[in-house]
Amino acid sequence: MAATADPKPSLKELSAQVEKLHEEIGTLTERYNGERVKLAQAKRAADLAKKTLATSESDLAGKRQKAQLLAQNAYMSGGLGPAMALGATGDADAFLDRAATTYALEQQQGEQVAQVTKAMQTAERARESAKARTAEVTELVDEIEGKRDKISKLVKQAESDLFKEAMRRSGSSAGSRVKVEVPIPGDGKAAQAARYALTQQLKPYVWGAEGPNGFDCSGLVMWAYQKVGISLPHYTGDQWTAGAHIPREELRPGDLVFFYSDLHHVGIYIGGGMMVHAPQTGDVIHIAPIGNRPYAGAVRIAD
């Protein structure tokens, strides 16, 4: 009896598989982007902690040296007891001067000891902070490397011949895209950012990229707004909290539109229910209806 080959998946089944794959890549990519933002912040905090530690240790060393000199001074000034000093000199005025000097040195020494103790505590806190910050950076680097490997494997799978053919047949491949000229009214920064984003049409989606040769979704948003002097993080989660949330019916060009419950995709609204976005691996930046994906909300970054 001849063996029968497994039936080939239908276009609908392949499209569903590739869509699920792209969602997973998108979600992982934005988590990766978020961890890169956290890593940059952690590195800055670690550098500051190291500088604080160096300053604290230098301050402690200086205070210790002063305290040691003062202790030596006090020892030498008070080497003889008051009674012996008086007996040796027979001079009451000299004795009183000596006693006053010794008392002053003892007071200063007490103050110096207190300062050294405080400096030691400050240095210890700084040392613990630097240690914690360094550990945080190390942990984030490990997490990022793990996600990078996972995303790379998923991208390789998404770019397999089988899925490429499915995308081509469904009309969603990069080869089917065309550049569209869209007039964006207005002189505000949001409108200018939308116009900048449109100039990047047909450049490839590249996960984790922020230009100039390729972008992921949040990378395109960051780049476009950077061109008009507004700094945004390369992460949809932070872009979601970077401006005012607005209802769908009040959308205007330049507003950011977000998709999926975990906000792993973002585009720039250009009007008429359309957006420009960097969609997914294997595709290019292009204009698309905002109704094609699960809409999550919108944010206005600038007027």
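The model is predicted: local features need pLDDT of at least 70, side-chain atom pairs count only at pLDDT 80 or more, and totals for chains, interfaces and linings use all residues. Residues are numbered from 1 along each chain as its sequence is written, and side-chain values use heavy atoms, with hydrogens and water left out. The chain holds seven helices and six strands. Helices (H or I, at least four residues) and strands (E, at least two) are DSSP runs, numbered from the N terminus.

**Fold and surface**

- Along the sequence the order is α-α-α-α-α-α-α-β-β-β-β-β-β.
- Of the 303 residues, 39% are buried. Buried means under 20% relative accessible area, exposed over 50%, and partly exposed in between (1.4 Å probe, protein chains only).
- Among contacts between residues at least 6 apart in sequence, 66% join residues at least 24 apart. A contact means heavy atoms within 4.5 Å.
- The accessible surface is about 17000 Å², and carbon and sulfur atoms account for 54% of that. Areas come from the Shrake-Rupley method with a 1.4 Å probe; for residues, only the protein chains shown count as cover.

**Salt bridges**

- The whole structure contains six salt bridges. The criterion is a side-chain nitrogen of Lys or Arg within 4 Å of a carboxyl oxygen of Asp or Glu.
- E35 and K147 form one of them, at 3.2 Å from N to O. E35 sits in helix α1 (residues 11-77) and K147 in helix α3 (residues 92-158), so this pair links distant parts of the chain, 112 residues apart. E35 is buried at 10% relative accessibility, and K147 is buried at 18%.
- R300 pairs with D255, with the closest N and O atoms 2.9 Å apart. R300 lies in strand β6 (residues 295-300) and D255 in the loop between β1 (244-246) and β2 (256-259), so the bridge ties together parts 45 residues apart in sequence. R300 has a relative accessible area of 14% and is buried; D255 is buried at 1%.
- E145 and R148 also form a salt bridge, with the closest N and O atoms 2.6 Å apart. The two residues are three apart in helix α3, separated by about one helical turn. E145 is partly exposed at 37%, and R148 is partly exposed at 27%.

**Aromatic pairs**

- There are five aromatic pairs. Rings of Phe, Tyr and Trp (its six-membered ring) pair if their centres lie within 6.5 Å; planes under 30 degrees apart count as stacked, over 60 as edge-to-face and the rest as tilted.
- Y196 and W223 have ring centres 6.2 Å apart and planes at 85 degrees, so they are edge-to-face. Y196 belongs to helix α5 (residues 189-198) and W223 to helix α6 (residues 217-226), so the pair ties together parts 27 residues apart in sequence. Y196 is partly exposed at 31%, whereas W223 is buried at 14%.
- F259 and Y295 are edge-to-face too, with centres 5.9 Å apart and planes at 80 degrees. F259 is in strand β2 and Y295 in strand β6, 36 residues apart. F259 is buried at 0%; Y295 is partly exposed at 24%.
- Y196, F215 and W223 are linked into a cluster by ring pairs.

**A buried threonine**

- T236 lies in helix α7 (residues 236-240) and is buried, at 2% relative accessible area.
- Beyond its neighbours within four places in sequence, T236 touches several residues, including E30, C217, F258 and H264.
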